[in-house]
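Me: Got a model to go through with you. Can we take it piece by piece?
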Amino acid sequence: MRSSRVWKRLLGVEHTVIESVELVGFDDQGRGEEIVVARVRPTRSRRLRCSRCGRRCRGYDRGDGRRRWRALDLGTVRCYLEAEAPRVSCPEHAVVVAAVPWARPGARCTTGFEDTTAWLAAHAAGSTVAELLRVTWRTVTAIVTRVVAERAGRVDLLDGLERIGIDEIAHRKGHRYLTVVVDQVTGRIVWASPGRDAATLRGFFDALGEARSAAITHVSADGAEWIHTVVTERAPQAVLGMDPFHVVAWATKALDEVRRGTWNELRTTGRTEAAKTLKGSRWALIKNPEDLTGEQQATLASITKTNRRLYRAYLLKEQLREVFAAKGQWGRRLLAGWLSWARRSRIPAFVKLAKTIERYKQLILNTLDHGMSNAKSEATNTHLRVLTRRAYGFHTADALIAMAMLTRGGLCPPLPRRTT
Ligand SMILES: [Zn+2]
């Protein structure tokens with residue numbers, strides 16, 4: 001029947017028989033918002049299959065009877081598929097709801113609807129996704145979790161790892177942490193788990209296994225003791241380095257301390273005009289010089305004239321960035337120069353920073369000697385921080401991890417029927 005083929009295409013279903021399509025009211029009495037309901041059933045070969053293993057099984061009972069799955073809107077109208085949801089008796093998985101070809105097990109929406117939701121969640125703001133698809137954010141995170149779990153089951157993200165970055169990310173306003181492992185070559189998140197301690201990280205190496213752990217050549221991290229302990233224990237051949245962006249972040253923090261100190265000094269000594277100019281200088285000082293706006297460049301120029309100390313602190317921060325941009329022998333020389341400059345700077349925040357850097361010197365030298373890259377882990381770190389700060393939030397660490405794997409783990413599904 002020709003119209004049946006048209007409907008199958010429109011609804012994006014396969015192995016499905018369309019019994020009828022009707023425009024009805026949303027509620028039980030058929031009132032309220034008009035929706036399209038397509039009554040469907042799996043084709044003969046897809047009936048009575050276990051939703052866990054796909055095996056053909058004996059029917060058990062009718063389950064909860066007929067139910068509906070949200071499908072993609074048809075034009076402006078919401079659309080649902082409606083079908084029986086019988087239970088089957090699987091020799092391996094006991095009594096389970098039978099699989100349906102149009103939806104994932106346990107899902108209240110069709111696979112096409114879920115893939116669209118997940119794709120949008122990876123590409124647009126949460127409020128946009130919720131508004132456009134007429135779902136709550138909670139539904140979006142549940143869908144993302146299910147889609148990511150399914151896709152993660154199909155590929156082994158831990159295969160072929162050589163250079164990795166290990167990072168800790170705070171969420172829940174800094175009360176909880178995730179440990180995240182990034183492939184430094186592809187920039188992908190390959191593993192994440194709640195917690196930040198040796199036991200958590202051992203979980204990663206357990207999943208990796210001995211052979212693949214032995215293939216790891218470089219590990220960069222933020223200098224945390226527990227990371228070193230576990231890497232030395234499980235991948236002793238790997239070169240351990242410091243992630244440059246953590247070191248630069250220390251310098252940025254020290255610079256901010258100097259800026260605030262200077263501002264307070266100006267204020268208490270009655271130089272309010274100068275203090276006011278300085279107050280707006282934070283971004284001019286923190287941003288990379290090449291990213292400054294015209295106004296910020298002017299602010300910086302005025303600091304060079306009016307406040308030599310703050311400007312020296314700024315140069316110290318910039319010079320430290322230069323160390324990592326240079327790498328290798330030249331990087332080593334710049335670092336030695338930087339350390340002696342900072343030590344003699346008479347700026348307490350930078351004298352202190354010089355001590356910290358001295359303590360991590362071997363790790364930093366490893367980073368310079370092995371040209372351990374920075375960009376990938378920094379981009380991931382920044383992205384994760386944005387995710388954790390999103391206003392709508394994530395109710396659980398698992399939801400946050402699923403979202404991170406969706407956007408940075410290469411697990412985002414293509415839009416329905418757009419597979420290349
Ligand atoms: Zn089964």
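Me: Where is A94 found?
Reply: A94 sits in strand β7. Keep in mind that this is a predicted model.

Me: What is the phi of A94 like?
Reply: Positive, about 60 degrees, although A94 is not a glycine. Most residues other than glycine have a negative phi.

Me: Is A94 buried, exposed or partly exposed?
Reply: Partly exposed, because its relative accessibility is 45%.

Me: And R346, what about its phi?
Reply: R346 also has a positive phi of about 60 degrees, and it is not a glycine. R346 is in the loop between α12 and α13 (348-359). It counts as exposed, at 69% relative accessibility.

Me: Switching to the metal. Which residues are the protein donors of the zinc ion?
Reply: C50, C53 and C90 each give SG, and H93 gives ND1. The donors lie 2.2 to 2.3 Å from the zinc ion.

Me: What arrangement do the four donor atoms make?
Reply: Tetrahedral, because the angles around the zinc ion are 105 to 112 degrees. The cut-off for that label is all angles between 85 and 135 degrees.

Me: What spacing do the donors follow along the chain?
Reply: C-x2-C-x36-C-x2-H. C50 and C90 link distant parts of the chain, 40 residues apart. C50 is in the loop between β2 (34-42) and β3 (58-61). C90 is in strand β6 (residues 87-90).

Me: Is C50 buried or exposed?
Reply: Buried, since its relative accessibility is 1%. C90 is buried too, with a relative accessible area of 3%.

Me: OK, strands. How covered is β2?
Reply: Mostly covered: seven of its nine residues are buried.

Me: In which sense does β2 pair with β1?
Reply: Antiparallel, over nine bridges, with β1 spanning residues 16-25. V24 has I35 in β2 as its bridge partner.

Me: How does β2 run relative to β5?
Reply: Parallel, with four bridges joining β2 to β5 (residues 77-84). V37 stands opposite Y80 in β5.

Me: Aromatics next. How many aromatic pairs are there?
Reply: Six aromatic pairs. One of them is W69 with W102, edge-to-face. Their ring centres are 5.4 Å apart, with 80 degrees between the planes.

Me: Where do W69 and W102 sit in the chain?
Reply: W69 is in strand β4 (residues 66-74). W102 is in the loop between β7 (94-97) and α2 (111-123). The pair links distant parts of the chain, 33 residues apart.

Me: Are W69 and W102 buried or exposed?
Reply: Both W69 and W102 are buried.

Me: What lies over the face of W69?
Reply: R67, at 4.1 Å from the ring centre. There is also R267 over the face of W263, at 4.4 Å from that ring centre.

Me: Which residues do ring pairs link into a cluster?
Reply: W191, F204 and F205.

Me: Zooming out. How many helices and strands does the protein chain have?
Reply: It comes to 16 helices and twelve strands.

Me: Why is the chain called more spread out than a compact globule?
Reply: Because its radius of gyration is 28 Å, well over the 22 Å that the globule rule gives for 420 residues. The C-alpha atoms fill a box of roughly 85 × 55 × 35 Å along the principal axes.

Me: What share of the residues counts as buried?
Reply: Of the 420 residues, 46% count as buried.

Me: Last one. How far apart are S377 and D183 in sequence and in space?
Reply: They are 194 residues apart in sequence and 8.3 Å apart in space, C-alpha to C-alpha. S377 lies in helix α15 (residues 375-389). S377 is buried, with a relative accessible area of 5%.

Note on methods: Residues are numbered from 1 along each chain as its sequence is written. This is a predicted model: local features need pLDDT of at least 70, side-chain atom pairs count only at pLDDT 80 or more; totals for chains, interfaces and linings use all residues. Side-chain values use heavy atoms; hydrogens and water are left out. Donors are N, O and S atoms within 2.8 Å of the metal (3.2 Å for Na, K and Ca); water is not among the atoms, so sites may look incomplete. Four donors count as tetrahedral if all angles lie between 85 and 135 degrees; four count as square planar and six as octahedral if opposite donors are over 155 degrees apart and all others between 65 and 115; anything else is irregular. Helices (H or I, at least four residues) and strands (E, at least two) are DSSP runs, numbered from the N terminus. Buried means under 20% relative accessible area, exposed over 50%, partly exposed in between (1.4 Å probe, protein chains only). Rings of Phe, Tyr and Trp (its six-membered ring) pair if their centres lie within 6.5 Å; planes under 30 degrees apart count as stacked, over 60 as edge-to-face and the rest as tilted. A charge sits over a ring if NZ of Lys or CZ of Arg is within 6 Å of the ring centre and within 35 degrees of the ring normal. Two strands pair if DSSP finds at least two bridges between them. The radius of gyration is taken over C-alpha atoms; the globule rule is 2.2 Å times the number of residues to the power 0.38.
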